[in-house]
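Visitor: Hi, I have a structure open here and would like to talk it through. Could you walk me around it?
Guide: Happy to, let's have a look together.

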Amino acid sequence: MEKSIEVHNLTVSYHSKPVLWDVDFSLPTGKIVGIVGPNGSGKTTMLKTIMGLMKPDSGYTEIFGQPLDKVRERVSYVPQRESVDWDFPADVMDVVLMGRYRKNNLFRRISKEDKRIATEALEKVNLLEFAHRQISQLSGGQQQRVFIARSLAQQADIYLMDEPFVGVDAATEDAILQLLREMKNQGKTVIIVHHDLQTANEYFDHIVLLNTRLVAAGPKEEVFTKELLQEAYGGRLTVLSKLGDLISTEEFPLREPEFKENKPEK
Amino acid sequence: MDPIFLKVLIGTTLLASSAAVVGAFSYLKGQSLVGDAIAHALLPGVVLAFLLGDGRNPIFLIVGALISGLIAHYGIGYIQSRTKLKSDTAVSLVLSTFFGFGIMLMSLIQRSGQGQQAGLERYLLGKAAAITMDDVYVFSALAVLLMVGVGLFYKGFQLMTFNEDFAAAIGLPVTFIRFTFTVLTVLAITIGIQTVGVVLMAALLITPSAAARAWTKSLPTMLLLAAVFAASSAITGTYISSAIPKMPTGPWVVLVLAFFGFGSLIFAPEKGWLAKRRRALANQKKTVRENVLKLMYQQEERNGVSVVLSTENMLSIRVMQPEKLRNSLRDLKRRLLVVEHGNGYALTELGRSEGRRVVRLHRLWELYLTERLGMAADHIHPGAETMEHVITPEIEELLVKELGNPELDPHQSPIPYEEA
């Protein structure tokens, strides 16, 4: 089966402190994948690195066997809901239309086709009647659905979502889940950062357990075991966190230049 | 019309409205101070350009300001990314260093006696009257450039302001968009400091947007309104300063802008102070009305028949301000919720239904507090006294559903539903 995402020996640091340490895994296509781990385990950093928003100190990531820039139009990203100011002067339609923005239409006006696609996306998340509602007047669950509609409007093949279930009511949670399953049935790949263990087993087909280092990655039956969960949620490894502090305060590089594992040029 | 006056009028109007449109994005991004920092940081560039050019050449000046401003802007960014300093620290560090350097350069020139001091000082506090015809041409060209720039980059600026990560994730050229925005900001400030000066420039960038935001929720409308506020301030300010002898233009423009700004904060619909006051007052009145109806309904509930209550009766049952009670009863009568009977009041059918609704909400909420929030039955009354006035029909429906059409509240009083 084709790989949707490949993460190769990835090390990423924040303020020169490693947040992801030699993480290496690959993911299948056409599945709902959960990236699961405790707070501060590097889940969001993982997603941001795959999306090119953070630069790795070492290693690389690929989507459908290619660097991100080659497949950007096939990839959609849903940031955390709290990462934006919802008091921004825009209505629901304005935000969903942002999903149609591209490098090559930046200077062009929004087309009728864009509007049609955005309307369709709003219909799918059941927010069509709110199209002209101010985004500041939406509930948390509705805001999350606006973000998902924007992502649907991108018409991608792979969707990376950062904590889409945080702060939403039970009805919205069900609606989102049903939508994700529909997407999977259409052959799309959905990758979700999730911190709630209770629901992880029910939601995902495939799980990546993360706690700064990779604990396990694979089909949920293999990963969702007591031992592995305990390892992921049982605190950080003492040696790793001591080394991380040392590297950060003493200004060591995380990799010497000749050992950076960039993707070999063809 | 006086040609000097006309020049000043056109110059200030163009620069004020174009600066407002560019400043809107800084305002929305919560970076109001960055404009202030860049305005101060332009000073060394302007002074050096003054030295190199003949002191009056606007092109020299703009290039000098642009270089100085860009160095300052990227300096702030560099400090933020390389140190753990908070952004306001980085901004003030750059602001004061550049401004100090600029002032030092200015005194050097003054000491060397190049005789153009007066020309230089206009950049500190601005001197609109010194605008020349050349300036007006350059301002007009720049103002057009700024408007066209914002129009062209509208989608980019909008998305970068709202959600920069998403802009980067979909592959927009974020570095290029950010650079363009910085250049436009520096250009706006460069023409701005000629009339209002370094110190007052931030007002021209930020105040029109702060005022406009209070009136609208759409970005295009907000940009337009900000430009209109800025232009009207510029025109008014220029008139005032020309009508009264020895009055400076810049400070007047800024004062008129402040008038728009504070006026908007007070009078704007929904978000304005007056509107909030009005809402609070309306809800206070609603609370008193509903309390009276509840009181009357509960008396009927207790006695099993409709009752006539005088204001004295009511005051003996519930502590209320007599004046407010009387006003409220007048209001209730007008709304056909109560009728007068002798020297007392009785509920109409409509009023009974309203009273029943308030009692129902009170009891539903008490039940919710004990069942869902695990509160003890003797702790729930004060919360319910407030919530009975807040709960909407939509939330009521949710409550009834979640509690499974309950019959009794935690004190074993029946929850009164409307008979079908």
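Visitor: How many helices and strands are there in chain B?
Guide: Chain B has 18 helices and two strands. Keep in mind as we go that this is a predicted model.

Visitor: Which elements of chain B have the lowest and the highest mean pLDDT?
Guide: The lowest is helix H5 (residues 117-125) of chain B, with a mean of 69. At the other end, helix H7 (residues 154-162) of chain B has the highest, 96.

Visitor: How is chain B divided into domains?
Guide: Domain 1 covers 3-269 and domain 2 covers 272-420. The C-alpha centres of domain 1 of chain B and domain 2 of chain B are 56 Å apart.

Visitor: And how many residues are in contact between those two domains of chain B?
Guide: Six residues of domain 1 of chain B are in contact with four residues of domain 2 of chain B. On the domain 1 side, the six residues are nonpolar, with no polar and no charged ones.

Visitor: What is the radius of gyration of chain B, next to that of a compact globule?
Guide: Chain B has 32 Å, whereas a compact globule of 420 residues would have a value near 22 Å. Along the principal axes, the C-alpha atoms of chain B fill a box of roughly 100 × 50 × 35 Å. Buried residues account for 43% of the 420 residues in chain B.

Visitor: Switching topic, how many residues of chain A are in contact with chain B?
Guide: 18 residues of chain A are in contact with 21 residues of chain B. The chain A side divides into 12 nonpolar, three polar and three charged residues.

Visitor: Which residues touch the most other members of the largest nonpolar core?
Guide: Those are Val96(A) and Ala226(B), in a core of 153 residues. Apart from that core lies another of 25 residues, including Tyr297(B), Val338(B), Ile380(B) and Ile415(B).

Visitor: What is Ala226(B) in contact with, leaving aside neighbours within four places in sequence?
Guide: Ala226(B) has contacts with Ala20(B), Val21(B), Ala24(B), Pro208(B), Ser209(B) and Ala212(B).

Visitor: I'm curious about backbone angles too. What is the phi of Thr212(A)?
Guide: Thr212(A) has a positive phi of about 65 degrees, although it is not a glycine. Thr212(A) sits in the loop between strand S8 (206-211) and strand S9 (213-219) of chain A. Asn405(B), also a residue other than glycine, has a positive phi near 45 degrees. Asn405(B) is in the segment after helix H18 (393-403) of chain B.

Visitor: Is Thr212(A) buried or exposed, and why?
Guide: Thr212(A) counts as buried because it has 22 C-beta neighbours inside 10 Å, and the cut-off for buried is 20 or more. Asn405(B) counts as exposed because it has 8 C-beta neighbours inside 10 Å.

Visitor: Last one: where is Leu228(A)?
Guide: Leu228(A) is in helix H9 (residues 226-233) of chain A. Leu228(A) is partly exposed, with 16 other C-beta atoms within 10 Å. Not counting residues up to four places away in sequence, Leu228(A) touches Leu209(A), Val215(A), Ala216(A) and Val223(A).

Conventions. Residues numbered from 1 in each chain as written. Chains lettered and ligands numbered in written order. Predicted model: local features only at pLDDT ≥ 70, side-chain atom pairs only at ≥ 80, totals over all residues. Core = buried A, V, L, I, M, F, W, Y, C linked by C-beta atoms within 7 Å. Buried ≥ 20, exposed ≤ 12 C-beta atoms within 10 Å, placed from the backbone. Contact = placed C-beta atoms within 7 Å. Helix = DSSP H or I, 4+ residues; strand = E, 2+ residues; numbered from the N terminus. Nonpolar A, V, L, I, M, F, W, Y, C, P; charged D, E, K, R; others polar. pLDDT = per-residue confidence, 0-100. Domains from an automatic or database assignment. Rg over C-alpha atoms; globule rule 2.2 N^0.38 Å.
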